[in-house]
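Please consult the sequence and the structure shown here while reading.

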Amino acid sequence: MGRKVTLAACSLNQWALDFEGNLKRILQSINIARAHGATYRLGPELEIPGYGCNDHFLESDTLLHSFQVLALLLKSPVTKDIICDVGMPVMHRNVRYNCRVIFLNGKILLIRPKMTLACDANYREGRWFTRWAKTRQTEEYFLPRMISEITGQVTVPFGDGVISTLDTCVGTEICEELFSVNCPHIAMALDGVEIFTNASASHHQLRKLNKRVEYVKDATAKGGGIYVYANMRGCDGERVYYDGCSMVAVNGKIVAQGLQFSMQEVEVVTSTVDLEEVRSHRGAKPTFGSNAMDLTQSYPRIKVDFALSREDDISVAPAEPIDVRYHTPEEEISLGPACWLWDYLRRSGQAGFFLPLSGGIDSSSTACIVSSMCHQVCQAVKSGDQQVLEDARRIVNDNNYIPTNPKEFAGRIFVTCYMGTENSSEETRKRASNLAEEIGSHHMGEGTISYLHGGTHRENLALQNVQARLRMVLAYLFAQLIMWARGLPGGLLVLGSANVDESLCGYLTKYDCSSADINPIGGISKKDLKSFIFYCVEKFNFSSLIRILGAPPTAELEPLADGQIQQTDEEDMGMTYDELSMFGCLRKVTRCGPYSMFCKLIHTWRGTYTPAKVAEKIKRFFRAYSINRHKMTTLTPAYHAENYSPDDNRFDLRPFLYNTHWSWQMRLIDEEVRRLQVAEASLLRHQEPRLHVNSDTLYGGSHDPHAGNNEGMTSSPVKSERTGNQFGTEEHQTRRERLERTLETLTSFNRGTTRTQNRGTPPCPALIRIKSEPVDHEEGRATHGAVDDPDIRPRKRSEANMAGSSDGEFVSGEKYMRITSP
């Protein structure tokens with residue numbers, strides 16, 4: 001009696017609407033599966049038309065061509081004696097569904113529509129498809145004539161059914177159904193289904209694979225079973241990269257796993273599993289039997305005269321559990337975006353990449369990703385991947401070329417250029433040149449862009465933007481002409497290098513070098529990029545990156561002082577990159593507005609910042625974010641890698657015209673700050689006679705460099721009376737007077753009393769004022785709240801949405817941020 005079955009999960013690098021190429025890859029995967037003895041072949045979601053067709057799914061042509069491909073699959077001898085499970089859109093009773101079509105030997109067994117659609121984050125399936133809501137029900141589907149002529153069938157089952165073979169039962173899930181709260185495999189298991197399949201198109205995101213693996217393992221850990229997961233691979237024409245890693249699990253343990261990142265267009269993961277292990281697992285659990293008896297409705301079974309196992313399988317060893325291979329985040333950055341770039345390059349028909357290389361971490365990271373791509377191409381060719389070799393030869397326009405050296409290959413397809421200005425330092429020029437030499441790119445870096453100095457504030461702002469935008473214009477000029485100048489055909493794709501944190505707060509000039517064809521690091525945080533740079537030092541031995549790591553990030557848009565850089569990014573933004581990442585996660589992942597963010601951060605940053613300081617940073621972030629949100633509408637298509645990406649195209653849908661004052665939200669935050677300060681001062685006042693409290697406040701201690709600027713925040717250390725140390729009379733009196741002054745000030749606030757203070761002049765012509773408190777425009781004075789900090793004046797080089805002021809200045813308090821005009 002047969003008990004072992006061989007199953008195949010396929011990762012295919014499909015391309016939206018490339019029906020000919022998609023068909024070729026599907027047939028190739030079936031051939032490989034058959035060669036490994038598989039009797040069930042599972043492909044990724046919507047593999048026939050490609051998952052990323054988007055609004056093309058609304059076209060009848062997409063349905064027509066999908067059925068034409070299905071017809072060729074049904075007729076192909078390659079599909080004989082193996083159950084094939086393919087994905088395509090199907091319209092049933094004038095409703096469009098995302099379906100799996102399961103067929104065997106020229107006959108369609110079942111069309112199974114998707115029951116839970118992915119409609120969040122990057123996904124919009126509800127725009128094109130309708131979910132199948134009739135649980136455990138099937139209907140008759142009338143086949144198109146072209147299919148009926150091949151199969152000899154007029155109708156086939158359509159709906160939520162399972163396949164019952166001679167030796168087992170197979171149920172189907174589609175991508176999102178695995179991640180839903182009420183997964184279909186739970187009821188299927190209780191109804192006797194032993195093999196679950198899942199066809200997926202799940203994109204890569206840093207640190208996401210472990211979550212996917214855990215879901216696959218959990219699907220069979222309690223109720224037992226065999227779970228076969230097939231995922232899409234590659235860039236099929238969008239911002240996301242599908243990272244493959246098809247796998248097979250048995251009773252909650254992974255027994256087979258494919259590669260997460262690869263340039264292989266077709267990868268087939270096969271595994272031989274023992275059905276008796278599933279039956280034994282379930283039979284040992286009394287609760288499984290009692291829960292199965294409670295099931296009130298069974299699945300419709302489509303009976304098939306076919307067995308997945310063979311009689312003579314006693315000599316075949318079943319697969320054993322394996323250790324799942326996880327990449328570090330640094331490895332993910334090195335591999336994922338590099339594969340995405342390769343797919344984009346080979347499918348765009350261009351001759352390579354052009355990168356403005358500044359010598360900073362961002363552009364250097366982009367350059368390292370291109371270098372990683374070159375390494376992967378050479379490795380793939382060495383391992384015998386004929387498709388990669390053909391693509392490489394076509395890109396370099398040499399039919400006899402064989403890429404063996406990554407540095408030499410980079411010299412053919414990668415051009416870098418240091419676009420220095422009078423504000424650029426010799427140090428950054430050297431760093432860019434040294435890195436380009438180590439990577440092997442064709443480097444240009446001798447010219448200097450000159451510009452005039454303006455006299456007024458607005459002139460300086462305009463000229464700084466011209467300086468930044470000239471780089472974009474020159475980048476496209478060189479990208480079009482450099483290959484011609486080298487006597488080679490084709491043009492180059494321009495690469496951008498703005499990271500996710502800078503995009504989030506708008507720390508970029510609209511239509512400067514952030515504007516490009518594609519951006520491999522646009523979804524990656526500054527913190528992760530720094531770790532990636534360190535990884536590249538060790539992995540590729542790029543020693544020049546050490547100096548880049550040690551240099552402070554800078555835009556180099558302000559004049560040098562004695563040849564040295566005076567401008568840094570974090571000083572310009574008024575917040576660190578780590579803080580920006582925190583703001584980004586709270587805004588997008590945790591779905592916090594300003595008030596909720598404040599409520600969380602006063603605890604997260606306790607001991608580091610006072611509540612007043614937390615409030616100030618939140619105000620600064622939301623002010624910058626809302627003023628610059630319009631830039632996200634023109635953001636260069638970027639590799640999606642982070643779950644707090646501000647990508648306005650699909651992932652992060654928000655308005656781009658805000659009331660940038662956030663007056664209601666900020667008023668609530670100010671009220672909470674005052675309450676906290678009153679409560680803290682009152683607590684200290686009541687505890688002081690017993691001398692049991694040291695001067696570390698509830699939210700910040702004497703080590704807090706910002707605490708001294710906030711009234712009511714004590715700073716000198718005080719020891720407990722129990723230790724034998726007491727206050728001196730003079731020190732005790734000073735402390736008492738300070739506390740009473742704080743309480744008096746806060747009481748005045750509650751009565752509506754305000755103090756005013758003369759506004760200072762912005763410290764630089766290129767700076768404008770950011771509002772955080774009400775302003776008296778006539779007298780140039782403002783009400784001064786508890787969260788004001790006159791000693792902090794961060795600056796910013798990005799542009800302003802000038803709708804808030806006729807003269808281009810946003811006046812408010814004593815905090816300044818550089819925001820250039822659009």
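How much space lies in the largest pocket? The model is predicted, and about 700 Å³ of space lies in that pocket.

**Largest pocket**

- The lining of the largest pocket is made up of 22 residues, and D120, A121, H203, Q205 and K211 are those nearest its centre.
- Two or more lining residues come from each of α4 (176-179), α6 (209-221) and α19 (577-589).
- By class, the lining of the largest pocket comprises 10 nonpolar, four polar and eight charged residues.

**Second largest pocket**

- The second largest pocket has a computed volume of about 580 Å³.
- Its lining consists of 24 residues, with F261, S262, L335, Q376 and Q379 lying nearest the centre.
- The elements giving two or more residues to this lining are α9 (329-348), α10 (361-382) and α16 (526-540).
- Of the contributing elements, α10 gives the most to the lining of the second largest pocket, namely five residues.
- In the lining of the second largest pocket, 12 residues are polar, eight are nonpolar and four are charged.

**Cavities**

- Six cavities of 30 Å³ or more are present in the structure.
- The second largest cavity holds about 110 Å³ of space.
- The second largest cavity has 13 lining residues, and R239, G522, A638, S645 and D647 lie nearest its centre.
- The lining of the second largest cavity divides by class into six polar, five nonpolar and two charged residues.

**Helix α7**

- Helix α7 spans residues 275-283, and L275, V278 and R282 are buried within it.
- Viewed down the axis of α7, these buried residues fall within an arc of 60°, so they line one face of the helix.
- S280 and G283, on the other side of α7, are exposed.
- The cover over the buried residues of α7 includes the strands β1 (4-12), β10 (195-200), β11 (226-231) and β16 (266-274).
- The helices α5 (184-190) and α8 (286-294) are also included in the cover over those buried residues.

Notes: Residues numbered from 1 in each chain as written. Predicted model: local features only at pLDDT ≥ 70, side-chain atom pairs only at ≥ 80, totals over all residues. Heavy atoms only, no water. Buried < 20%, exposed > 50% of the residue type's maximum accessible area, 1.4 Å probe, protein only. Helix = DSSP H or I, 4+ residues; strand = E, 2+ residues; numbered from the N terminus. Arc of directions from axis to C-beta. Contact = heavy atoms within 4.5 Å. 1 Å grid on protein atoms, 1.4 Å probe; cavity = no way out; pocket = protein on both sides within 12 Å on 5 of 7 lines; lining within 4 Å. Points joined across faces, edges and corners; volume = space filled by probe spheres on them. Nonpolar A, V, L, I, M, F, W, Y, C, P; charged D, E, K, R; others polar.
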